Amino acid sequence: AIVFADVVGSTQLYDKFGDTKASETVAVCLDIMKDATYQFNGTVIKTIGDEVMSTFTTVDEAMGASVMMQTRISAEGLKEDGIPVSIRIGCHYGPVVQEQNDIFGAAVHTANRMTSQAKSKQIVISGFTVEQMSPELRNQTRQIDVATVRGRIDEVALFELVWQPDEATS
């Protein structure tokens with residue numbers, strides 16, 4: 001399972017709060033995202049600016065880490081600095097090509113596309129990924145859209161993992 005977790009609106013953070021405060025805030029988010037990855041037996045492949053790319057053996061581990069990232073960053077909101085911040089997460093399950101400490105392949109592109117479809121505080125996953133989930137987790141998903149992905153002929157069903165209990169009915 002490939003996960004991309006991305007700080008939403010980091011450019012605006014830099015504009016609004018200045019380089020020092022914004023970079024500190026992004027660094028705290030990256031630390032939380034990496035820590036959650038490790039806690040769910042994942043591997044951090046790389047950080048790209050304000051984004052972390054990780055891999056997990058199972059989708060359930062990937063979702064556990066994703067929920068932990070969202071929960072910790074939303075709860076902390078990093079408001080002690082007066083900087084509201086949130087992340088968006090995308091995930092896809094599929095084969096990758098590993099070279100040195102990086103991964104490549106269609107599944108990586110699809111996972112990245114899931115992230116670009118996600119809104120603030122959202123975890124977006126492909127339909128194929130949902131099929132790899134435990135029944136308990138599958139019950140926490142809902143289909144939200146379909147999208148085309150570069151390099152793929154067919155459309156990909158987009159699902160959201162509902163991770164906030166109060167979101168389940170909205």
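Helices (H or I, at least four residues) and strands (E, at least two) are DSSP runs, numbered from the N terminus. Over the protein the average pLDDT is 89, and 90% of the residues score at least 70. This is a predicted model, in which local features need pLDDT of at least 70 and side-chain atom pairs count only at pLDDT 80 or more, while totals for chains, interfaces and linings use all residues. Residues are numbered from 1 along each chain as its sequence is written, and side-chain values use heavy atoms, with hydrogens and water left out.

Helix α2 has 21 residues and reaches 30 Å from its first C-alpha to its last, close to the 30 Å expected at 1.5 Å a residue, the expected span being 1.5 Å times one less than the number of residues. In α2, the residues A22, T25, V26, C29, L30, I32, M33, A36 and T37 are buried, a word that stands for under 20% relative accessible area, as exposed does for over 50% and partly exposed for what lies in between (1.4 Å probe, protein chains only). These residues lie on the same side of α2 because they cover an arc of only 155° around the axis, the arc being that of the directions from the helix axis to the C-beta atoms. An α-helix has 3.6 residues a turn, so residues three or four places apart point the same way. The face of α2 turned away from this buried side carries the exposed residues T20 and Y38, and the helix is followed by N41, whose phi is positive, near 60°.

The largest nonpolar core has 34 residues, and those with the most contacts inside it are M33, M63, M69, I125 and M133; such a core is a set of buried Ala, Val, Leu, Ile, Met, Phe, Trp, Tyr and Cys residues joined through side-chain atoms within 4.5 Å. To this core α2 gives the most, with 7 residues. Leaving aside residues up to four places away in sequence, M69 touches A5, I32, M33, A36, T37, I87 and I89, where contact means heavy atoms within 4.5 Å. Apart from this core lies another, of 8 residues, among them F4, I45, I103 and A107.

A search of the whole structure finds 0 disulfides, a disulfide being a pair of cysteine sulfur atoms within 2.5 Å. For C29, the nearest cysteine sulfur is that of C91, 20 Å away. C29 is buried, with a relative accessible area of 0%, and C91 likewise counts as buried at 0% relative accessibility.

Notes
pLDDT = per-residue confidence, 0-100.
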